[in-house]
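Opening the notebook on this one.

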Amino acid sequence: MISRRDWLRISATAGAALSLNPRLLAGLQNQEITKAIPSTGEHIPVIGLGGRWISRGSSAEELAGHRAVLNALAEGGAGRLWDTAAGYGAGASEELSGQWAQEDGFADDIFWATKVNVAQGRGGGGGSVDPARVHAQIEQSFQRLRIPVIDLNQVHNMGDPPTQLGVLQEYKESGRIRYIGITTTSANQYDDLEQVMRNYPLDFIGIDYAIDNRGAEERIFPVAQDEGIAVLVYLPFGRSRMWGRIGDRPLPEWAAEFDAHTWAQFMLKFVVAQPAVTVAAPGTGDPEHMVDNIGGGHGRLPTPEHLERMIAWERSLPR
Ligand SMILES: NC(=O)c1ccc[n+]([C@@H]2O[C@H](COP(=O)([O-])OP(=O)(O)OC[C@H]3O[C@@H](n4cnc5c(N)ncnc54)[C@H](OP(=O)(O)O)[C@@H]3O)[C@@H](O)[C@H]2O)c1
């Protein structure tokens, strides 16, 4: 094992960083999988990164790890998605990723996704908000991210969709935001989400989905396909729940049939094999895990028969 600090130093030279662990490198041998954003046909890699853990309270070593993770994400200029939000780390996730992107030169190499929400709270988002505050928060995101155009900005946690989506739509029309959407990771907001998906011109939704959390398959995925909305998956490891359930079990041999070399790749491939899913944003602060996860977006995907087998495997695990 190498330390995260070593990773930061080594990741300055991409090839060297990726040649350190042969098991992880195996995941990158095959072609990277991309999927089309339905509203434009633009293709993006199916594995991105979620960034809600970056905070000002993190240690220097943790921040170095996050910085190396972002450099690994940007490797090769593939345009992989980086998911942050105005609210993550009280702004630190946007601000530090924007600073590192400039200093390390990867601002043009990633697909920038952030979120806006001036409506506090969940469960309907906390009532209606002043559009001026929505504008102000979006402008603050531009400043923190230090980029002229944001690829994707989504309303966070269903906060006042009429007002906040209305403001995002204005930015999209002006060309400063390329895609707009809305997110939730609470099943009790799925009914509201479905209504918004049917009634607003969305490019994306962000939603929780994992091999042991498949509620989105029932109505959300079919509506996304009907309406031509891209699906960005959050919590693809079930907020780390799956790691505890897997424990030290060995990966089944049949995972090699779809080029999954690790448990992370097994779970990510389950998610991105769903026809409605466009991209997944697993969270990690560990550069080796980032490389592992990127490997989950390379090579073959599970067939429908594999997916059935994977579901049976998940059901056989202890709860
Ligand atoms: N409403 C919303 O919009 C909303 C809500 C929640 C989350 N999100 C987004 O979803 C992202 C992901 O959520 P999450 O991070 O809570 O959950 P997650 O992606 O399901 O799981 C993250 C956990 O998995 C571990 N992990 C990641 N890659 C690994 C690997 N290759 N091997 C072993 N362990 C690995 C991480 O630990 P290490 O750090 O040690 O790798 C962490 O403990 C967030 O960052 C955020 O961007 C959005």
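This is a predicted model: local features need pLDDT of at least 70, side-chain atom pairs count only at pLDDT 80 or more; totals for chains, interfaces and linings use all residues.

**Entry 1: the ligand**

I looked up who sits around the ligand. There are 29 residues in the surrounding set, and the closest are R52, D83, N157, T284 and H289. Which helix gives the most to this shell? I found helix α12, residues 287–295, with 3 residues.

A nitrogen atom of the ligand lies 2.7 Å from an N or O atom in the side chain of N157. For W243, I again looked at the side chain: an N or O atom there is 3.1 Å from an oxygen atom of the ligand. R239 takes part through its backbone, where a polar atom is 3.1 Å from an oxygen atom of the ligand. I also checked how covered the ligand is: taken alone it exposes 920 Å², and the protein buries 87% of that.

**Entry 2: the sheet as a whole**

Then I traced the strands. I get an open sheet of 8 strands in the order β3-β4-β5-β6-β7-β8-β9-β10, with parallel pairing. Which strands stand at the edges? They are β3 (49–50) and β10 (277–280); each has a single partner strand, so one side of each is left without a neighbour in the sheet.

I started at the β3 end. β3 and β4 pair in the parallel sense over 2 bridges, and L49 stands opposite W82 in β4. Between these two strands the chain crosses through helix α4 (residues 60–74), and this β-α-β crossover is right-handed.

On the other pairing of β4 (residues 80–83), 4 bridges join it to β5 (residues 110–116), again parallel. I picked out two partners in β5: R80 has I110, and D83 has A113. β4, α5 and β5 make a right-handed β-α-β unit too.

Are the faces of β4 covered or open? Both are covered: R80 and W82 are buried on one side, and L81 and D83 are buried on the other. D83 came up in the first entry as well, as one of the residues closest to the ligand.

I then took its two pairings in turn. Strand β6 (residues 150–155) is joined to β7 by 5 bridges and runs parallel to it; I150 stands opposite I177 in β7. Together with helix α7 (residues 161–174), β6 and β7 make a right-handed β-α-β unit. With strand β8 (residues 204–208), β7 pairs in the parallel sense over 4 bridges, and the bridge partner of I182 in β8 is I205. Helix α8 (residues 190–199) goes with β7 and β8 in another right-handed β-α-β unit.

**Entry 3: two positive phi values**

I flagged A90 for a positive phi of about 50° although it is not a glycine. A90 is in the loop between β4 and α5 (92–104). Is A90 buried or exposed? At 73% relative accessibility, it counts as exposed.

D259 also has a positive phi, near 60°, and is not a glycine either. I find D259 in the loop between α10 (241–246) and α11. With a relative accessible area of 10%, D259 is buried.

**Entry 4: a couple of distances**

For A264 and D292, the C-alpha atoms are separated by 7.0 Å, and the two residues are 28 apart along the chain. A264 belongs to helix α11 (residues 263–272). At 3% relative accessibility, A264 counts as buried.

Methods: Residues are numbered from 1 along each chain as its sequence is written. Side-chain values use heavy atoms; hydrogens and water are left out. Two strands pair if DSSP finds at least two bridges between them. A crossover is right-handed if, with the strands pointing away from the viewer, the path from the first strand over the helix to the second runs clockwise. A residue is near a molecule or strand if one of its heavy atoms lies within 4 Å of it. A polar contact is a pair of N or O atoms within 3.5 Å; within protein, one must be able to donate a hydrogen and the other to accept it, and residues adjacent in sequence count only if both atoms are side-chain atoms. Accessible areas come from the Shrake-Rupley method with a 1.4 Å probe; for residues, only the protein chains shown count as cover. Buried means under 20% relative accessible area, exposed over 50%, partly exposed in between (1.4 Å probe, protein chains only).
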